[in-house]
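Subject: Structure handover

Hello,

Here is the structure you asked for. Please open it first, then read the notes below.

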Amino acid sequence: MIHYKKHQYGIFLSALLLIIAVCVFFAGWFQIGNKPAPLTPTIVIAVVLVITFVIFHKLTITIDATKIQATFGLGLIKQTMLLKDIDFNSIELIKVPFLYGIGIRLTPEGTLYNVKSVSYTHLTLPTSDLV
């Protein structure tokens, strides 16, 4: 049974990726500009941007009786931590610098999973892995 489920949407990232994908696609399709790019590379770039959107448009945190799970997008990328492995005395709310970016990042404080820049919950596992 799920005790907690929260979605965090990366609206800025999603809008930016989709706008760039549409612009690249139309620039290639209609051969816009003095030296237009070939159609195939522009379609490939647009498809890569759309796939990136699908994978990283949201982050879902789910907590049940035994684990915490962080899932990006449709669930292709996920991280699961067992509750019994978490040091509950180390949990703290922190503010991460905007320069750390979005996505999955290795930072001096540990691994960061995010789709937008806000406050984060910092967890320490007994194996000294920071999350």
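Strand β8 supplies five residues to the lining of the largest pocket, the largest share of any element. Please keep in mind that this is a predicted model.

**The pocket**

The largest pocket holds about 680 Å³ of space. Its lining counts 31 residues, and the closest to the pocket centre are Leu59, Ile61, Tyr113, Tyr120 and Thr121. Which strands each give at least two residues to this lining? They are β1 (2-9), β2 (58-64), β3, β4 (77-82), β5 (87-95), β7 and β8 (119-124). By class, the lining has 20 nonpolar residues, nine polar ones and two charged ones.

Thr121 deserves a separate look. It sits in strand β8 and is one of the residues closest to the centre of the largest pocket. Is Thr121 buried or exposed? It counts as exposed, because its relative accessibility is 51% and the cut-off for exposed is over 50%.

**Overall layout**

The protein has two helices and eight strands. From the N terminus, the order of elements is β-α-α-β-β-β-β-β-β-β. The radius of gyration is 19 Å, whereas the globule rule gives 14 Å for 131 residues, so the protein is more spread out than a compact globule. The C-alpha trace spans about 60 × 30 × 20 Å along its principal axes.

Two more totals for the protein follow. Buried residues account for 32% of the 131 residues. Take the contacts between residues at least 6 apart in sequence: 48% of them join residues at least 24 apart.

**Aromatic pairs**

How many aromatic pairs does the structure hold? There are five. One of them is Phe25 with Trp29, a stacked pair with 5.7 Å centre to centre and 20° between the planes. Both residues belong to helix α1 (residues 11-29), and they are separated by about one helical turn because they are four residues apart there. Phe25 is partly exposed, at 29% relative accessibility. Trp29 is partly exposed as well, with a relative accessible area of 48%.

Phe72 and Tyr113 make another pair, this one tilted. Their ring centres are 6.5 Å apart, and the planes are at 40°. The pair links distant parts of the chain. Phe72 is in strand β3 (residues 67-72) and Tyr113 is in strand β7 (residues 110-114), 41 residues apart. Both Phe72 and Tyr113 are buried.

**The helices and their loop**

Gln31 lies in the loop between α1 and α2. Its phi is near 50°, a positive value in a residue other than glycine. Gln31 counts as partly exposed, at 36% relative accessibility.

Thr42 is placed in helix α2 (residues 39-56). Is Thr42 buried or exposed? Thr42 counts as buried, because its relative accessibility is 7% and buried means under 20%. Leaving out residues up to four places away in sequence, Thr42 touches Val24, Gly28 and Ala37.

Val48 is also in helix α2. At 45% relative accessibility, Val48 counts as partly exposed. The C-alpha atoms of Val48 and Leu76 are separated by 15 Å, and the two residues are 28 apart along the chain.

Best regards

Note on methods: Residues are numbered from 1 along each chain as its sequence is written. This is a predicted model: local features need pLDDT of at least 70, side-chain atom pairs count only at pLDDT 80 or more; totals for chains, interfaces and linings use all residues. Side-chain values use heavy atoms; hydrogens and water are left out. Rings of Phe, Tyr and Trp (its six-membered ring) pair if their centres lie within 6.5 Å; planes under 30 degrees apart count as stacked, over 60 as edge-to-face and the rest as tilted. Buried means under 20% relative accessible area, exposed over 50%, partly exposed in between (1.4 Å probe, protein chains only). On a 1 Å grid over the protein atoms alone, a cavity is a set of points where a 1.4 Å probe fits but cannot get out, and a pocket is an open set with protein on both sides within 12 Å along at least five of seven lines; lining residues have an atom within 4 Å of a point. Grid points are joined across faces, edges and corners, and a volume is the space filled by probe spheres set on the points. Ala, Val, Leu, Ile, Met, Phe, Trp, Tyr, Cys and Pro count as nonpolar, Asp, Glu, Lys and Arg as charged, and the others, Gly among them, as polar. Contact means heavy atoms within 4.5 Å. The radius of gyration is taken over C-alpha atoms; the globule rule is 2.2 Å times the number of residues to the power 0.38.
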